[in-house]
Amino acid sequence: MVLGQGNQEAANLTREGIEASKAKDWDKAITAFRKAAQLDQHYAPNLASALQQRATVYVGQKKFQEAVADYSEALKMKSDDADIYERRAYAEMQLRDYDKALNDYNQAIKLSPQEAKYYQVRALIYQNKGNLKAALADAEKTLQLDPNNADAQSRKKFLDAKLHGAPTPVPLPSGPIRNPNVPPAAAGAGTPAPGKQ
């Protein structure tokens, strides 16, 4: 009977969290989902989802530390989700914490080794850190997975020239990278083409 009451309370809290989510009241949703998950781990995915949503809001508000904290908590429940690692890495890059961002992209690649965008951004991180050989390897891997990737083509040309002593082309800008927290159609509207900043 106690178990049944706990499950009913968890279900009620989950409904409360869903309603708060619909209203985009992420703090209230997360509180409700957290309580539900404590009563029954079956409800933990709801908490992970709400944490990601609030983190996305934080990124939009440029509250990157808070976003990293929420993504980190979500990863405790969904450690096999490459998308969360990518989103957290984006926030870490905004904080100039390239080592942590690099670790997150390494994990995303481990989970989704055929996803070209992970190699593409990791190449940028390696380039920013001065590891041009690793950056070139990732640019080449990006092109292997996505042969028409204009950013990877430009980056490969630039890195080849830097590494092999040829006349160096104009360096690529180090950003902006696509914000994974914004749908591609919305992100593309304000993102300049490589070299057009």
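A residue counts as exposed when its relative accessible area is over 50%. Keep that cut-off in hand for the first stop. This is a predicted model, and the tour moves through it by selection.

**Stop 1: two loop residues**

Select Arg96. It sits in the loop between helix 5 (82-94) and helix 6 (98-111). Its relative accessibility is 59%, so arginine 96 is exposed. Now check the backbone. Phi of arginine 96 is positive, about 65°, although the residue is not a glycine.

Lysine 62 has a relative accessible area of 63% and is exposed.

**Stop 2: helix 3 against helix 4**

Select helix 3 (residues 44-60) and helix 4 (residues 64-77). Two packed helices are described by the angle between their axes and the distance between the axes. The axes of helix 3 and helix 4 come within 8 Å and cross at roughly 160°. Angles over 145 degrees count as roughly antiparallel, so helix 3 is roughly antiparallel to helix 4. The crossing of the two is left-handed.

Show the side chains at the contact. From helix 3, pick Ala44, Leu47, Ala48, Leu51, Gln52, Arg54, Ala55, Thr56, Tyr58 and Val59. From helix 4, pick Phe64, Glu66, Ala67, Asp70, Tyr71, Glu73, Ala74 and Met77. Colour them by class: twelve are nonpolar, two polar and four charged.

Zoom in on Glu66, in helix 4. Is glutamate 66 buried, exposed or partly exposed? At 36% relative accessibility, glutamate 66 is partly exposed. Draw a C-alpha to C-alpha distance from glutamate 66 to threonine 56: they are 10.0 Å apart in space and ten residues apart in sequence.

**Stop 3: a buried threonine**

Select Thr14, in helix 1 (residues 2-22). Threonine 14 is buried, at 7% relative accessible area. What does threonine 14 touch, leaving out residues up to four places away in sequence? Its contacts are Phe33, Ala36, Tyr43 and Asn46.

**Stop 4: helix 9 and its cover**

Select helix 9 (residues 150-164). Highlight Asp151, Ala152, Arg155, Phe158, Leu159 and Ala161, which are buried. Their cover includes helix 7 and helix 8 (132-145).

Bring up helix 7 (residues 116-129). The axes of helix 7 and helix 9 come within 10 Å and cross at roughly 30°. That makes helix 7 roughly parallel to helix 9. The crossing of helix 7 and helix 9 is left-handed. On the helix 7 side, the contact uses Gln120, Ala123, Leu124 and Gln127. On the helix 9 side, it uses Asp151, Arg155, Phe158 and Leu159. By class, this contact has four nonpolar, two polar and two charged residues.

**Stop 5: Leu163**

Finish on Leu163, also in helix 9. Leucine 163 is partly exposed, with 29% relative accessible area. Which residues does leucine 163 touch, not counting residues up to four places away in sequence? They are Leu132, Lys133 and Leu136. Take the C-alpha to C-alpha distance from leucine 163 to leucine 132: 7.2 Å in space, against 31 residues apart in sequence.

Note on methods. Residues are numbered from 1 along each chain as its sequence is written. This is a predicted model: local features need pLDDT of at least 70, side-chain atom pairs count only at pLDDT 80 or more; totals for chains, interfaces and linings use all residues. Side-chain values use heavy atoms; hydrogens and water are left out. Axes are lines fitted to C-alpha atoms, for helices over the stretch in contact, and angles run from 0 to 180 degrees between N-to-C directions. Helices (H or I, at least four residues) and strands (E, at least two) are DSSP runs, numbered from the N terminus. Angles under 35 degrees count as roughly parallel, over 145 as roughly antiparallel, 65 to 115 as roughly perpendicular and the rest as oblique. A crossing is left-handed if the near helix is turned anticlockwise from the far one by less than a right angle, and right-handed if clockwise. Contact means heavy atoms within 4.5 Å. Ala, Val, Leu, Ile, Met, Phe, Trp, Tyr, Cys and Pro count as nonpolar, Asp, Glu, Lys and Arg as charged, and the others, Gly among them, as polar. Buried means under 20% relative accessible area, exposed over 50%, partly exposed in between (1.4 Å probe, protein chains only).
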